[in-house]
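Work through the exercises below with the sequence and the structure in view. Each task is followed by a solution in steps.

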Amino acid sequence: RIGGQNSLFPWRLTVTENPGYSNLTMARILMSIYLWCVIVVVTVLFCLTLVPLTILVAPLDRNRSAIHWVGWLWSHIVISATPLWTLHIEGKEHIDPKQGYLVVSNHQSMGDICGLFCVGVPFKWISKKSAFYIPLLGWAMWVGGYIPLMRGNKASIIGCVRKAKTW
């Protein structure tokens, strides 16, 4: 669950597990395997589209918004293909697309990543630097202009904040 009910953060995102699968251990295992297969296949296909897309739109897309919308489409496909998840976005109408937001997620599952992309507002991820070296996924993060962070490194933290402010 991401978000809150106050004026500083007037929207809430929840990705919940459908209750019918809570006690069926074998069904959960099979659905988990299915989910990871979907995520891997869809991620590979989408990551392979990012290089040509970047070459085509880079001169016109300073913030790399087109790359972000590829992530939006990716997340919708993953959530649609996952019967275990239900996505509910509450208060989206309160988000001002002209205003910048700092969104902090506790990131407990892939549902957090997919859910945040589904909000439909461009943003930049800040992620641990080692994630940027994961084949395809990390490369997509570099191409998307997301921000790498070296945990525990004060200079890296300050650099992340500075880079986030310029976006």
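**Exercise 1.** Does L136 count as buried, partly exposed or exposed, and why?

The model is predicted, so local features need pLDDT of at least 70 and side-chain atom pairs count only at pLDDT 80 or more, while totals for chains, interfaces and linings use all residues. Residues are numbered from 1 along each chain as its sequence is written, and side-chain values use heavy atoms, with hydrogens and water left out.

Step 1. Buried means under 20% relative accessible area, exposed over 50%, and partly exposed in between (1.4 Å probe, protein chains only).
Step 2. L136 counts as partly exposed because its relative accessibility is 23%.
Step 3. The phi angle of L136 is near 65 degrees, a positive value in a residue other than glycine.

**Exercise 2.** Describe where α1 bends and what its buried residues pack against.

Step 1. Helix α1 covers residues 25-57.
Step 2. At V51 the helix α1 bends by about 30 degrees, and the proline P52 follows within four residues. The bend is the angle between axes fitted to the seven residues ending at a residue and the seven starting there.
Step 3. Buried residues of α1 include M31, L35, F46 and C47.
Step 4. The buried residues of α1 pack against α2 (65-80), β3 (85-90), α3 (110-118) and α4 (137-143), where contact means heavy atoms within 4.5 Å.

How values were computed:
Helix = DSSP H or I, 4+ residues; strand = E, 2+ residues; numbered from the N terminus. Expected span 1.5 Å × (residues − 1).
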